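Hi,

Here is the structure I promised to pass on.

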Amino acid sequence: MEYRYHFTYTADGKVKTSSDSNEDFDFALTEGENSIKAVITPKKDIVIHSFYIRRDYEYAPDSRFFANGFQSWTDSREFVKNDKMEGLNRIGKSLYGKINGIDYVGDYTFVNEEKEAGTFHSHGLAYVRNGDVVDLFGSLTDRTGYTIIYADMNRNTLSISKDVEGVTISEPYELLNIFHMQGGYDEVFDAYFDTMGVKPITNEKIKGYTSWYNYYEKINEEVILRDLESLSGYKDSVNIYQIDDGFETRVGDWFSIDPKKFPNGIKYIADAIHEKGFKAGIWLAPFGAHKRSQLVKDHPDWIIRFPNGKPVPVGHNWGGFYGLDIYNEGARNYVKSVFNEVLNVWGFDMVKLDFLYAASVIPMHGKSRGEIIYDAIDLLRECCGDKPILACGVQQMPCFGKVEYMRIGADMSLGWAHTFLRKNMHREDVSTPNALRNSIYRRCFNGRAFLCDPDVFLLRRTNIKFTNKQQELLAEFIKLFGKVLLMSDNIAEYDENQLAIFHHMMDDDDTKLLAVNEENDIMFIDYLDGEEEKTLRFNVKTGAIL
């Protein structure tokens with residue numbers, strides 16, 4: 001297949017554009033049976049601005065394009081020609097959004113927003129599906145920069161680009177290394193991960209409790225110990241008890257535990273969890289720092305900054321926060337000291353690491369965004385050793401084979417409907433429909449790259465807007481699509497029916513996914529429960545069960 005390429009760069013102080021080798025560089029594009037490689041050999045120092053290759057691609061009227069979102073929370077799904085991909089919405093584009101860096105939560109600062117239906121983009125990998133035939137294009141590494149795949153169903157083209165903005169090269173440089181194969185869904189993904197040599201680190205499910213989806217930041221020692229005591233009678237079914245955000249005085253100040261909430265400190269909590277026979281998990285945002293944290297006040301040089309010296313806002317959570325520059329020696333040593341404290345002094349067994357995208361929001365130090373996030377994940381793996389990582393709010397591909405568990409969708413809401421506020425934020429915002437779609441369409445990762453976390457199941461009757469039937473459906477859904485099975489309820493409040501569902505969720509029974517189809521927002525999920533074939537049918541947008 002003939003590919004055309006476009007390259008923009010700076011050489012000899014001049015910005016240039018080229019589609020062929022010239023006096024500044026030689027370019028080679030080679031295609032194998034299942035590979036596409038692009039290598040540039042500079043004849044002088046070159047600063048890269050942009051690069052892509054493009055080919056003609058004939059889409060059928062019913063073709064579906066899978067667009068993998070930028071990070072954990074970014075909506076990911078199959079699109080058809082009359083669909084339009086969302087971009088940054090009203091609040092994200094507002095002055096409030098700019099001040100708080102909402103555009104840095106996703107890819108909005110370096111990927112152009114689609115303006116018309118039938119045009120889509122995907123990160124790391126993508127496929128075109130016609131019936132049961134999947135045409136997969138997948139990067140074999142994004143360490144040099146993000147691979148972004150574009151489908152234009154109106155003009156019948158497919159493009160593959162590399163986000164290498166700001167990278168300076170003086171020797172041969174691999175711009176693209178793409179795996180390409182047609183076949184059945186499992187066939188192509190098995191071959192893709194085999195080619196990368198990627199395997200999950202573990203096959204052990206996480207089963208138990210997390211505090212977030214009931215109390216959010218309003219946790220304290222009394223609540224955590226009460227729910228722990230309630231769960232202690234189920235140690236044969238549960239292996240983890242995880243406390244989430246809310247124990248620290250401010251994000252970034254990890255050694256400063258809120259004395260009113262946790263008067264005995266956090267080691268006391270870890271010890272209590274261990275006494276009940278569970279592994280202890282804890283939440284951290286290791287690359288984040290609240291704008292008014294002591295860390296930012298004491299170490300302003302640790303913060304990622306624009307070339308003009310101003311700090312880069314990377315999100316509106318907690319009233320706004322910054323990202324840590326992992327190449328700053330002080331910041332890097334601080335991150336290491338936090339993990340030493342959490343794992344070796346407090347004694348936690350697992351860490352849920354969140355908002356990890358914050359480390360790589362802009363190119364810096366002559367490195368692309370992709371190179372930075374790979375270095376950041378390598379740092380986390382070094383810090384954690386053999387302690388399991390549940391990664392969240394992070395780009396998927398740099399974590400292939402590097403973390404044990406991965407959140408692959410947005411945070412679940414406590415109700416089904418996508419509210420007006422949430423619709424006007426950004427593609428990464430809290431959304432039950434997006435969490436479900438991501439779990440369905442990112443199922444290719446589960447058991448191949450890591451074990452997937454589709455988010456929690458919730459069975460309580462208070463502080464929640466799901467109907468009982470929706471709760472039962474969501475529980476069954478999460479068991480089918482994930483290997484991280486957590487709830488946020490006080491199990492002492494469960495009745496017999498809720499307890500039966502809980503035990504079903506925790507049982508390692510023979511449940512197998514058979515087929516997934518979507519038509520006009522209606523999901524049809526066929527699966528085996530033992531020897532009985534069953535189907536989940538529901539409207540993914542409204543939560544109506546059919």
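How many aromatic pairs does a search of the whole structure find? The count comes to 46 aromatic pairs. Keep in mind that this is a predicted model.

One of those pairs is Phe193 with Phe400. Buried or exposed? Both Phe193 and Phe400 are buried.

There's also a cluster held together by ring pairs, made up of Trp73, Phe247, Trp254, Trp283, Trp318, Phe321, Phe355 and Tyr357.

Then the charges over rings. Arg77 has its charged end over the ring of Phe79, 4.5 Å from the centre. Arg443 does likewise with Tyr185, at 4.3 Å from the ring centre.

Tyr185 and Arg443 turn up again in the largest pocket, which holds about 920 Å³ of space: along with Asp186, Leu513 and Leu514, they are the closest to its centre among the 30 lining residues. Which elements give two or more residues to that lining? They are strand 9 (125-130), helix 3, helix 12 (468-481) and strand 25 (511-519). Strand 25 gives the most, with 8 residues. By type, the lining splits into 12 charged, 10 nonpolar and 8 polar residues.

Cheers

Note on methods
Residues are numbered from 1 along each chain as its sequence is written. This is a predicted model: local features need pLDDT of at least 70, side-chain atom pairs count only at pLDDT 80 or more; totals for chains, interfaces and linings use all residues. Side-chain values use heavy atoms; hydrogens and water are left out. Rings of Phe, Tyr and Trp (its six-membered ring) pair if their centres lie within 6.5 Å; planes under 30 degrees apart count as stacked, over 60 as edge-to-face and the rest as tilted. Buried means under 20% relative accessible area, exposed over 50%, partly exposed in between (1.4 Å probe, protein chains only). A charge sits over a ring if NZ of Lys or CZ of Arg is within 6 Å of the ring centre and within 35 degrees of the ring normal. On a 1 Å grid over the protein atoms alone, a cavity is a set of points where a 1.4 Å probe fits but cannot get out, and a pocket is an open set with protein on both sides within 12 Å along at least five of seven lines; lining residues have an atom within 4 Å of a point. Grid points are joined across faces, edges and corners, and a volume is the space filled by probe spheres set on the points. Helices (H or I, at least four residues) and strands (E, at least two) are DSSP runs, numbered from the N terminus. Ala, Val, Leu, Ile, Met, Phe, Trp, Tyr, Cys and Pro count as nonpolar, Asp, Glu, Lys and Arg as charged, and the others, Gly among them, as polar.
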